[in-house]
Amino acid sequence: MIEFSITWFLDGFTHPLETPSHLMLLLGLALFIGQQGKSYFIPHIALFSIAVVVGFIINHYFAPRWNNELILLSLALFTSLLVIFRFDEQSRIIQTIVACLSIASGILLGLDSSPIIIPGLSAATFYNWLLGAALALNLTLLIIAIISFLIRNLFQGIILRVLSSWIATSALFVLTLFLSNANR
Amino acid sequence: MMKKIALLCLLLSPLSYGHFHYQIDSTATLRSNVKKQLQAVNFSWVYGQKVTDLMLQSGDDMNTLGRAVINDLAKLHYFTYLEFNNKRVATDQVTLYQLETITINGKPRLKLDFTLVLQSPLYLHGGRLDIIQKDTGDSASIFYRNATRLLLNQGFETTCKAEVNAIQGFKAGETPETVSIHCRR
């Protein structure tokens, strides 16, 4: 029987919130989903939630060793740029892009969330940590997407575009620092 | 504005390493056979306070917890690889182990003793034995601090010299030191 552990749950919960690349992608995607209006709001959030679990499973069984950080930051940058350009939300292509980005972001965030395994406590730490991380990822996306949805037409949508430009700039900065450190 | 964002990014960067980390203080003892070949290495690990408290929270008795620890460690190769002259030394599954609590500064700490037996005994003369200890999950860092934590018994104390060197730029969860034993012919 696996017992609930607040320590490991909180450790997992704070992981996406303390990891810049995770936070930037979550914010960028949430703004993008919120900007698109209500027609596909819930399906996109649901796609993201399922993709996170798929990412956890792939990570657990295959543990791919590619550079997730680089992909996450690039995706955050790309998503934020799409919000800044504010394409026609009714466009089928844009709705497809949002769906693809929700799936890709969910899988990548799930892949980059490796729970801590302490020998002797593996089962307890593993499941509590994953539960915390999954809740944090989904709640952050949901709350920010709802706020974005509510303010998407405020000042002709400028607020979301300005916020996205900050995310894009931050992602670009961290990406630059990351690449310059990698080339040392 | 750009400067503020850059500063924020720099401040946030260390947080990307925000996983749970813990320390283990290790002592290693080299065991030889009658031919003065290396037969086994006995490790004694004292867990850090935080991880000790977490493990004791489980409420399991020492035998159950010890079995769980060693079974999980077996899947992770006991965080330990031995290399002789840069070649991997094959070791058996651990069967000799003991988990107990000791008291340090009035607080209980977990101490795990286990023996890693070599599949084939090894002459160390004229070579270098490296003890590489790494947690693939990047949570545990195993420290020796200095060469006195490497105990060379009668088979090696006259011919071998232990060396522990700190690795520059070490980050929590990574291997903090290079640990080696140099033996002359």
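First, the ground rules. Residues are numbered from 1 along each chain as its sequence is written, and chains are lettered from A, with ligands numbered from 1, in the order in which they are written. Because the model is predicted, local features need pLDDT of at least 70 and side-chain atom pairs count only at pLDDT 80 or more, while totals for chains, interfaces and linings use all residues; side-chain values use heavy atoms, with hydrogens and water left out.

Let's start with helices in chain A. Two packed helices are described by the angle between their axes and the distance between the axes. Axes here are lines fitted to C-alpha atoms, for helices over the stretch in contact, and angles run from 0 to 180 degrees between N-to-C directions. Helices (H or I, at least four residues) and strands (E, at least two) are DSSP runs, numbered from the N terminus.

Take helix H2 of chain A, residues 20-35, and helix H4 of chain A, residues 68-85. They pack at about 30°, with axes 8 Å apart. That makes H2(A) roughly parallel to H4(A). The scale is this: under 35 degrees is roughly parallel, over 145 roughly antiparallel, 65 to 115 roughly perpendicular, and the rest oblique. The crossing of H2(A) and H4(A) is left-handed. Left-handed means that the near helix is turned anticlockwise from the far one by less than a right angle; clockwise would be right-handed.

Who touches whom? Contact means heavy atoms within 4.5 Å. On the H2(A) side, the residues include A:Leu25, A:Gly28 and A:Leu29. On the H4(A) side, they include A:Leu72, A:Ala76 and A:Ser80. The residues of this contact of H2(A) with H4(A) divide into 11 nonpolar, 6 polar and 1 charged. For these classes, Ala, Val, Leu, Ile, Met, Phe, Trp, Tyr, Cys and Pro are nonpolar, Asp, Glu, Lys and Arg are charged, and the others, Gly among them, are polar.

Now H4(A) against H5(A). Their axes come within 11 Å and cross at roughly 155°. That makes H4(A) roughly antiparallel to H5(A). This crossing, too, is left-handed. Among the residues that meet are A:Leu75 and A:Phe78 in H4(A), and A:Leu101 and A:Ala104 in H5(A). By class, the contact of H4(A) with H5(A) has 11 nonpolar, 3 polar and no charged residues.

Next, two serines. A:Ser80 is in helix H4 of chain A. At 0% relative accessibility, A:Ser80 counts as buried. The cut-offs: buried is under 20% relative accessible area, exposed is over 50%, and partly exposed is in between, with a 1.4 Å probe and protein chains only. Leaving aside neighbours within four places in sequence, A:Ser80 is in contact with A:Gly28, A:Ser164, A:Ile167 and A:Ala168. A:Ser80 and A:Val162 are 82 residues apart in sequence and 9.9 Å apart in space, C-alpha to C-alpha.

A:Ser102 sits in helix H5 of chain A, residues 92-111. A:Ser102 is buried, at 0%. Beyond four places in sequence, its contacts include A:Leu29, A:His44 and A:Phe48.

On to the rings. A pair of aromatic rings is described by the distance of the centres and the angle of the planes. Rings of Phe, Tyr and Trp (its six-membered ring) pair if their centres lie within 6.5 Å; planes under 30 degrees apart are stacked, over 60 edge-to-face, and the rest tilted. The whole structure has 10 aromatic pairs over all chains. A:Phe85 and A:Phe87 have centres 6.0 Å apart and planes at 55°, so the pair is tilted. A:Phe85 is exposed at 53%, and A:Phe87 is partly exposed at 41%.

In chain B, B:Tyr22 and B:Tyr47 are stacked, with 6.5 Å between centres and 20° between planes. B:Tyr22 lies in strand E1 and B:Tyr47 in strand E2, so the pair ties together parts 25 residues apart in sequence. B:Tyr22 is buried at 4%, and B:Tyr47 is buried at 2%.

Last, two loop residues. Phi of B:Asn85 is near 50°, a positive value in a residue other than glycine. B:Asn85 lies in the loop between strands E3 and E4 of chain B and is partly exposed at 41%. Phi of B:Asn105 is also near 50°. B:Asn105 lies between strands E5 and E6 of chain B and is exposed at 77%.
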